[in-house]
Amino acid sequence: MVNILETFMDTMKSLTIQDEDQPLHVGEVMACWIYLAGLELAKVSVQSGINTTTDDELRALLQEDMKLGTSQRKRLHEFMIKEGITLPPAPEDMPISDPNSIPLGVKLTDDVIANELSLKIISLIMRAAGAASESVRTDVGLLFVQFQSEKLAFAARLKHLMRKRGWIKVPPFYVPPGLNNH
């Protein structure tokens, strides 16, 4: 049986080890590069959503995600520059536009905007979890644990709005064969 106190103490000891003098391994470099590339792509998608939606609550969440993404991009960008990692190309910002001037057939619905944002957040959460678990250097692992927890907190608020509006996509319920359906 796992001793939780010992596990906690071992974890705390490993977090105090300063290993920033060690070079990054290729997996850590790739994780940084891919996560930053994902943040850059998500940025223009969120900007597009802000330009498209007329729902005030969705717009507020998109703006919150924009701030979070900007903060994460800045921290990761600075880390990568410090470590000498080439930055991925970033798309240009979307110009601000009036949501009411977007023609039908081009304008995304709030349901689609919210679900697209949800998928991007899920993708970044999974990427951060993988990067944290594969990191050898403590500073890299902690950076991605922080990114993951920030995205998880945001995802909870997004899920609440999606449930409230009926936008959340729920797979069919699973009923094992032979189980009574009552």
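A residue is buried when its relative accessible area is under 20%, exposed when over 50%, and partly exposed in between (1.4 Å probe, protein chains only). The model on screen is predicted: local features need pLDDT of at least 70, side-chain atom pairs count only at pLDDT 80 or more, and totals for chains, interfaces and linings use all residues. Residues are numbered from 1 along each chain as its sequence is written, and side-chain values use heavy atoms, with hydrogens and water left out.

**Stop 1: the whole protein**

Select everything. Of the 182 residues in the protein, 36% are buried. Now switch to a cartoon view. The protein has five helices and zero strands. Helices here are DSSP runs of H or I with at least four residues, strands are runs of E with at least two, and both are numbered from the N terminus. Along the sequence the pattern reads α-α-α-α-α. The radius of gyration is 20 Å, well over the 16 Å that the globule rule gives for 182 residues, so the protein is more spread out than a compact globule. That radius is taken over C-alpha atoms, and the rule is 2.2 Å times the number of residues to the power 0.38. Along the principal axes, the C-alpha atoms fill a box of roughly 55 × 55 × 25 Å.

Next, show contacts, meaning heavy atoms within 4.5 Å. Among contacts with a separation of 6 or more, 83% join residues 24 or more positions apart.

**Stop 2: helix α4**

Select residues 110-134, which form helix α4. Pick out Leu119 in this helix. Leu119 is exposed, because its relative accessible area is 59%. Leu119 and Ala155 lie 36 residues apart in sequence, and their C-alpha atoms are 10.0 Å apart in space.

**Stop 3: helix α5**

Select residues 138-165, the 28 residues of helix α5. At 1.5 Å a residue they should span 40 Å, and the end C-alpha atoms are 41 Å apart, which agrees. The expected span is 1.5 Å times one less than the number of residues.

Within α5, select Gln146. Gln146 counts as partly exposed because its relative accessibility is 38%. Gln146 and Ala128 are 18 residues apart in sequence, and 8.7 Å apart from C-alpha to C-alpha.

**Last stop: just past α5**

Select Gly166. Just after α5, Gly166 takes a positive phi of about 80°.
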